[in-house]
Amino acid sequence: MRARDRVLDALSSRGCNVRGKSAQCPAHEDRAPSLSIGRRKDGNGVVLNCHAGCAPEDVVQALGLTMQDLFDEPMAKRERPQVVAEYPYVDEHGQLLLTVKRLEPGYDGQRKTFRQFAPNGKPKVSGIRRVLYRLPQVLAEAEAGGTVFVTEGEKDADNLAAQGATATCNIGGAGKWNDTYTSALRGAGEVVVIRDRDEPGRRHAEQVAASVRAAGIRVRILEPAKGKDISDHLAAGLGFDDLLPYDEHQEDPEPGPDDEEPAHQPDLVFRPLAEVAADVDSRPPRPWLFKPVIVSGDYGVMSAEDKAGKTWAILDAAVSCAAGLEWLGMFEAGDPGPVMVFLGEGSDAKMLRRTRGVAISKGLTREQADALPIVMCFRAPQLSDQQHRHLVRRAIEQYRPKLVIIDPLYLAAGGANGADLYGMGALLGSIQHIVQSYGASLLISHHWNKTGEGTGHHRSSGVGPGAWGRFLISVGVLNSRTDPETQETTVRLKWMFKGDEIPETETTIVRRVRAENPEDLSSPMHYSIQQVEDEPTEDDQTPPELIGLRPSQKRVLDVLQTAGHPLSVKGIGDRLAEHPDGRGPLKPRTIQLALQELATRNLAADTALPGTGPLWIATAPETTGNAA
């Protein structure tokens, strides 16, 4: 009888429902089929895999079979998996949490297999805390400010420890490192990651190093001079001083027949919910980058209308993050630190002048502004260019920014079709993964579309950027004016924020910018931001005489109500021009028409005496007083 038939007969005899290649697992209470029945790679039998976590040995025992029954032909004694090593994982007090057992040869034709077992000997380890291998020794070395070596597997860590080093690794091997493990290394004078010389080893070493650097711990990557891993290196009679610096451009050797690991391992990592919960709950609280509109480590797009001043906005974000100050004067910097800015639309002199203006507006001196940890590149990176992405990665690794800003998207996208959701998603995803792998946030500036279609967030050009970001910011111009004497530009802006973890937020901001000497391009820039109230809306509480008034008429009425004495048309215009809401003056003809409408509604009256010009007063009780 073939192995598959033996297994199916055993399942049927125990009342397990079988659906094609899936069946109810007999080793646990299984309401839905969670046991898959596959073919061995060598064709000699079947492989049992319970997706709920039951070990093959437990499934076989529950079926009343033996592991030998999973083979069509009897397996030679030398081929039967045997436990050749056990690696205990203990907590900081030396209490056993779980044991990893190494079996050779492995199941399903593999050279080796690793199994995890709880302290009671059962293979179910869901919910058990994950810690570093040899944790007590690691904690002691880190507390003493010493050096900790990180390898890919337990065998390598043990071989290093036999040479007198403090060595560790994480459960599961390559690709399974997380920031919880890094927290155990805090205090170490240096962490040395020794990579295996294959592609999974390279990715794993870079992942570990990035996490350790983000925690502010000195780290470097070394690689063996002989063989594939540190065990081969030591077996060749070489020592610590013979390890080589990691060269990411060097080609790894082709895997030979004696390599223990395959040359490729999948990037997809599957984790039980209990393990995810234990991992997430052990981490410190997630900080805000700018509270409460951008979460630290998130990525998104700020799209703006022409002349909305998006470059001023991103420079305000850069200065605020670098100095630990409020962005736009209202959003607290919760995770301050270095900033990297790619500026594709402006010279270095222009950007320095603006950066200083923003910094000085926040109370910094020119010297303090120049010393801020802001790194600038005066070109937008081509996101589709592999060399550019490599240079970005190297720069982020060197400067360790908390925030990366790219301005603008159309230059960085290099002609990509913004309407192509999938293509744009892949393009933006490439830089997103680089930035996030170092724990930084990513902000990309973008333009509104030119067609005028849509409102708010829907005015962003193309569909890709808007669908990609975890937060979206939209900036529209309500009105703007330039003072003919000082050349100061005043712009009233509507800012809108939305995201998958933040409440939708809107605010109205007035931004003023002027040069100290408009004719001198090196003179200081003066910059200010002020939050103002939105236009009031009519509701059931609005007095009948105010319903239907135009915004200009409401502004004129508000000036009359707050003046306290009669005003001429010119006086009304002067007060409107000086009002802090930034909406500027109205034309005399507009004021005159507004006064006529207010007089018709008995809301204003001309009190001028014969022979004098019109002098207007309000004749109705004051409204809310915020229309101007």
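# Sheets, helices and a salt bridge in a predicted model

Reader: Where does helix H12 lie, and how does it run against E17?
Author: Helix H12 (residues 386–399) lies across E17, E18 and strand E19 (403–407), and runs at about 150° to E17. Contact here means heavy atoms within 4.5 Å, while axes are lines fitted to C-alpha atoms, for helices over the stretch in contact, with angles running from 0 to 180 degrees between N-to-C directions. Helices (H or I, at least four residues) and strands (E, at least two) are DSSP runs, numbered from the N terminus.

Reader: What kind of model is it, and what confidence is asked for?
Author: This is a predicted model in which local features need pLDDT of at least 70 and side-chain atom pairs count only at pLDDT 80 or more, whereas totals for chains, interfaces and linings use all residues. Residues are numbered from 1 along each chain as its sequence is written, and side-chain values use heavy atoms, with hydrogens and water left out.

Reader: Back to E17 then, which sheet has it and in what order?
Author: E17 belongs to an open sheet of nine strands with mixed pairing, in the order E18-E17-E19-E20-E15-E21-E22-E23-E24; two strands pair if DSSP finds at least two bridges between them. Strand E18 (374–377) and strand E24 (525–532) stand at the edges with a single partner strand each, so one side of each has no neighbour in the sheet. On average, neighbouring strands of this sheet are turned by 20° against each other, direction ignored.

Reader: How many bridges join E17 to E18, and parallel or antiparallel?
Author: Strand E17 (residues 339–343) is joined to E18 by four bridges, and the two run parallel, with Val 339 standing opposite Ile 374 in E18.

Reader: And what about E21, how does it pair with E15 and with E22?
Author: Strand E15 (residues 299–304) and strand E21 (residues 471–482) run parallel and are joined by five bridges, where Ala 304 has Val 475 of E21 as its bridge partner. With strand E22 (residues 489–499), E21 pairs in the antiparallel sense over 11 bridges, and Ile 473 stands opposite Phe 497 in E22. The hairpin of E21 and E22 has six residues between the strands, and there Gln 487 takes a positive phi near 65°.

Reader: Switching to helices, at what angle do H9 and H10 pack?
Author: Helix H9 (residues 310–323) and helix H10 (residues 348–361) pack at about 60°, their axes being 9 Å apart. That angle makes H9 oblique to H10, because angles under 35 degrees count as roughly parallel, over 145 as roughly antiparallel, 65 to 115 as roughly perpendicular and the rest as oblique.

Reader: Which residues make the contact?
Author: H9 contributes Thr 311, Trp 312, Leu 315, Asp 316 and Val 319, and H10 contributes Met 351, Arg 354, Thr 355, Val 358 and Ala 359.

Reader: Another topic, how many salt bridges are there in the whole structure?
Author: A search of the whole structure finds 25 salt bridges, each being a side-chain nitrogen of Lys or Arg within 4 Å of a carboxyl oxygen of Asp or Glu. One of them joins the side chains of Arg 39 and Asp 72 (2.8 Å, N to O), linking distant parts of the chain, since Arg 39 is in strand E3 and Asp 72 in the loop between helix H2 (56–62) and strand E5 (82–90), 33 residues apart.

Reader: What sheet is E3 in?
Author: E3 is in an open sheet of four strands, ordered E1-E2-E3-E4 with antiparallel pairing.
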